[in-house]
Amino acid sequence: MTRRLTVAERLASADKDIRLADIAAQSSWDQFLVEQAAFHYGQINATFTANDLRDVLPEMGHGFLGAAINALRSGGITEHTGQTVPSTSPATKAHRLAVWQLTAKGRRVAAERTAHAQGRAA
């Protein structure tokens with residue numbers, strides 16, 4: 001049995017292409033895609049919430065938001081800013097949502113991925 005990569009390792013593994021078949025073979029491939037979307041959203045925005053991500057994800061990804069954000073936090077990629085906002089989802093009755101930002105580690109992983117992608121495109 002192969003060892004599962006951490007969130008940070010998955011995000012930093014720009015050296016190898018992850019084929020769709022490899023992702024689909026994992027039971028958590030939907031969560032993986034939502035993690036990638038949350039990470040990317042954090043790269044282009046100073047802060048973000050589940051409200052922001054819900055607006056840009058297809059409906060099928062909404063159920064993975066909490067798990068994806070928690071995985072990024074557990075991996076040291078994101079951190080809570082100490083702020084909260086009300087949820088815009090009618091189903092949640094405006095409960096409070098954390099506001100997130102990339103950590104120094106998350107910004108480093110993002111910079112490494114960007115540099116690698118630019119080197120590959122050249």
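Not counting residues up to four places away in sequence, Thr78 touches Phe48, Ile69, Leu72, Arg73, Trp100, Gln101, Leu102 and Thr103, where contact means heavy atoms within 4.5 Å. This is a predicted model, in which local features need pLDDT of at least 70, side-chain atom pairs count only at pLDDT 80 or more, and totals for chains, interfaces and linings use all residues. Residues are numbered from 1 along each chain as its sequence is written, and side-chain values use heavy atoms, with hydrogens and water left out.

**Thr78**
- Thr78 lies in strand β1, residues 78–86; helices (H or I, at least four residues) and strands (E, at least two) are DSSP runs, numbered from the N terminus.
- Thr78 is buried, with a relative accessible area of 3% (buried means under 20% relative accessible area, exposed over 50%, partly exposed in between, with a 1.4 Å probe and protein chains only).
- A polar atom of the Thr78 side chain lies 3.3 Å from the backbone nitrogen of Arg73.
- The C-alpha atoms of Thr78 and Thr47 are separated by 9.8 Å, with the two residues 31 apart along the chain.

**Thr103**
- Thr103 sits in the loop between β2 and α6, and is buried at a relative accessible area of 10%.
- Its side chain reaches the backbone oxygen of Gly76 at 2.5 Å.
- Once neighbours within four places in sequence are set aside, Thr103 is in contact with Gly76, Ile77, Thr78 and Glu79.

**The largest nonpolar core**
- This core has 22 residues, of which Phe39, Leu53, Leu65, Leu72 and Ile77 touch the most other members; a nonpolar core is a set of buried Ala, Val, Leu, Ile, Met, Phe, Trp, Tyr and Cys residues joined through side-chain atoms within 4.5 Å.
- At least two residues of this core come from each of α1 (7–12), α3 (29–44), α4 (50–56), α5 (65–74), β2 (96–102) and α6 (104–121).
- α5 supplies the largest share of this core, five residues.
- In soluble globular proteins, nonpolar side chains tend to be buried together.

- Lys93 is placed in the loop between β1 and β2, and has a positive phi of about 55 degrees although it is not a glycine.
- Lys93 is exposed, with a relative accessible area of 73%.
- Ala94 also has its place in the loop between β1 and β2, and its phi is near 60 degrees, a positive value in a residue other than glycine.
- Ala94 is partly exposed, at a relative accessible area of 41%.

Note on methods. Polar contact = N/O pair within 3.5 Å; in protein donor to acceptor, adjacent residues only side chain to side chain.
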